Amino acid sequence: MHAARALVAGNWKMHKTIAESTAFVRELLALEPDFDAIDAVIFPPFTALAAAGEALRGSLLGLGGQTMNDADSGAFTGEISPLMLLDCGAHWVILGHSERRASCGETDAAINRKVHAALRLGLTPIVAVGESAADHAAGRTHDHVVLQTSAAFDGVTPDDVARCVVAYEPIWAIGTGLSDSPAAANNVMAQIRGSVSGLERTRILYGGSVKPDNIGQFVAQPHIDGALVGGASLGAQSFADLIANARVNATR
Ligand code: PGA
């Protein structure tokens with residue numbers, strides 16, 4: 001049986017200044033979301049990470065980076081290390097988001113190195129996998145996501161795999177308003193869960209056009225433990241509604 005405590009992760013992508021990020025945190029905390037029943041984590045851009053970390057200090061709202069390098073330090077211009085994330089108060093990191101795979105050339109091998117680095121330093125990785133529209137149309141969804149998942153966790157012990165989170169995000173559903181159907185996503189996630197030893201104990205999130213009004217249908221599915229949310233995570237009220245609606249339906 002996998003973990004039932006739902007997780008709502010807000011991936012801000014390249015949005016929000018420092019002032020906007022701290023205002024979001026203040027506004028969200030004022031809405032008093034029920035963090036006792038659910039885990040909620042925001043992923044601001046690097047420039048706002050430290051300020052957001054200050055603003056949420058003492059609360060149960062989590063903080064994470066949108067990516068990282070696998071080295072602790074070194075000659076990697078423009079990169080951010082896992083130690084720098086921890087320095088900002090972040091304990092989570094998204095690894096292998098499809099936008100980074102597509103536009104920054106992140107390979108399965110690089111993502112695997114980052115998973116090892118995150119685990120070594122005590123960061124919780126959210127490993128993102130998902131198929132393109134072409135692979136989806138050609139019936140290659142299963143093969144594609146299972147390959148990506150196995151590659152990401154290559155050489156990771158089952159107990160360490162169990163410390164991670166996986167996000168299944170069909171690329172065609174990201175930012176399009178065309179979310180996958182909860183039942184279809186659940187089927188893919190069952191296949192992901194069975195693909196690597198340890199994943200039967202992890203949380204698997206669905207991502208791709210999740211909104212406050214559909215998150216409940218996703219988390220009501222047996223293999224869906226929460227959501228990785230882009231656009232709808234940018235407003236404090238919307239993020240609070242995501243948390244509230246995930247909490248109601250996640251009970252099983
Ligand atoms: P979206 O993005 O919710 O805007 O579709 C999800 C993601 O890319 O993580």
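Trainee: Are F24 and F239 buried or exposed?
Mentor: This is a predicted model. Buried means under 20% relative accessible area, and exposed means over 50%. By that cut-off, F24 and F239 are both buried.

Trainee: Which kind of aromatic pair do W12 and F24 form?
Mentor: The structure holds 3 aromatic pairs. In the one formed by W12 and F24, the ring centres are 4.7 Å apart, with 70° between the planes. Planes over 60 degrees apart count as edge-to-face. The pair of W12 and F24 is therefore edge-to-face.

Trainee: How many residues apart are F24 and F239?
Mentor: F24 and F239 form a tilted aromatic pair, 6.0 Å centre to centre, with 55° between the planes. F24 lies in helix α1 and F239 in helix α11 (residues 236-250), so the pair links distant parts of the chain. Their separation is 215 residues.

Trainee: Which residue has its charged end over the ring of W12?
Mentor: W12 belongs to a cluster with F24 and F239, linked by ring pairs. W12 itself is in the loop between β1 (7-11) and α1 (18-30). The charged end over its ring, 5.2 Å from the centre, is that of K16.

Trainee: What span does helix α5 reach from its first C-alpha to its last?
Mentor: Helix α5 (residues 108-121) has 14 residues. At 1.5 Å a residue, the expected span is 20 Å. The helix is close to that, reaching 20 Å.

Trainee: Which residue follows α5?
Mentor: Within α5, the buried residues include A110, I111 and L119. Among the elements covering the buried residues are α3 (82-87) and β5 (124-129). After α5 comes a residue whose phi is positive, near 85°: G122.

How values were computed. Residues are numbered from 1 along each chain as its sequence is written. This is a predicted model: local features need pLDDT of at least 70, side-chain atom pairs count only at pLDDT 80 or more; totals for chains, interfaces and linings use all residues. Side-chain values use heavy atoms; hydrogens and water are left out. Helices (H or I, at least four residues) and strands (E, at least two) are DSSP runs, numbered from the N terminus. The expected span of a helix is 1.5 Å times one less than its number of residues. Buried means under 20% relative accessible area, exposed over 50%, partly exposed in between (1.4 Å probe, protein chains only). Contact means heavy atoms within 4.5 Å. Rings of Phe, Tyr and Trp (its six-membered ring) pair if their centres lie within 6.5 Å; planes under 30 degrees apart count as stacked, over 60 as edge-to-face and the rest as tilted. A charge sits over a ring if NZ of Lys or CZ of Arg is within 6 Å of the ring centre and within 35 degrees of the ring normal.
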